[in-house]
Amino acid sequence: MAERLSPLARFEPVPGGGLCIAEAPFLTQVNLRADPAGDAAHALGSALGVPLPTEPNTYARGDADVLWLGPDEWLVVGAAGDGGLERRLRAAAGSRHVAVTDVSAQRTTLLVTGPRARELLAHGCALDLHPRLFGPGRCAQTMLARAQIVLAAHPGDEFRVSVRSSFAGYLAAWLLDAAAEYLDG
């Protein structure tokens, strides 16, 4: 069996100056499509330990993070290598009219953490990232440095930036360049 490599396999975490940029590779990611008012949404939420969020651009934390992507679409992000997540969701869905699709290989995740993280991301993101508007529990599909991303704000000045694998190298290089003014040495 071939060794699985992250698109950022050679990327080393970059700490310094109140900022850290690191990759969280191979997170399990499952795309869900369901009627939010249907019993399938309730069953899926029960399987995740948290109701599927219905407020736009929010996420909920249960056994996994459940990010609202659209009125009938969510991205469930679990631990790396959690092969049981998709099976558990399919079992909860049963024969109901839903879509459960493992999209783990589509994106990798960069962690941008620290007191300067918000400032760094603001260099290339059109969203207002002020904590009152984009604090912990908020997420959005947006652009960062012309790369399509899913951005989620977590407690403790942590942002998770999920980017398509084919754009990961570009985005990591852009983040390092934009962070040059903050990083030590």
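1. β5 (65–70), β10 (147–154) and β11 (158–164) each supply at least two residues to the lining of the largest cavity. The largest share comes from β10, with three residues. Strands (E, at least two residues) and helices (H or I, at least four) are DSSP runs numbered from the N terminus. A cavity is a set of points, on a 1 Å grid over the protein atoms alone, where a 1.4 Å probe fits but cannot get out; lining residues have an atom within 4 Å of a point.

2. This is a predicted model, in which local features need pLDDT of at least 70 and side-chain atom pairs count only at pLDDT 80 or more, while totals for chains, interfaces and linings use all residues. Residues are numbered from 1 along each chain as its sequence is written, and side-chain values use heavy atoms, with hydrogens and water left out.

3. A search of the whole structure finds one cavity of 30 Å³ or more. About 80 Å³ of space lies in the largest cavity, where a volume is the space filled by probe spheres set on the points, and grid points are joined across faces, edges and corners. Its lining includes Leu 27, Tyr 59, Asp 65, Val 77, His 154 and Arg 160. By class, six lining residues are nonpolar, three polar and two charged. Here Ala, Val, Leu, Ile, Met, Phe, Trp, Tyr, Cys and Pro count as nonpolar, Asp, Glu, Lys and Arg as charged, and the others, Gly among them, as polar.

4. Five strands form an open sheet in the order β4-β5-β6-β3-β7, with antiparallel pairing. β4 (59–61) and β7 (99–102) stand at the edges with a single partner strand each, so one side of each has no neighbour in the sheet. Two strands pair if DSSP finds at least two bridges between them. β5 and β6 pair in the antiparallel sense over five bridges. Asp 65 stands opposite Val 77 in β6, and both residues also line the largest cavity.

5. Helix α1 (residues 39–48) is largely enclosed by the rest of the structure, because seven of its 10 residues are buried. Buried means under 20% relative accessible area, exposed over 50%, and partly exposed in between (1.4 Å probe, protein chains only). Among the buried residues of α1 are Ala 40, Leu 44 and Leu 48. The buried residues of α1 pack against β3 (27–33), β5, β6 (73–80) and α2 (84–93), contact meaning heavy atoms within 4.5 Å. After α1 comes Gly 49, whose phi is positive, near 80 degrees.

Definitions and conventions. On a 1 Å grid over the protein atoms alone, a cavity is a set of points where a 1.4 Å probe fits but cannot get out, and a pocket is an open set with protein on both sides within 12 Å along at least five of seven lines; lining residues have an atom within 4 Å of a point.
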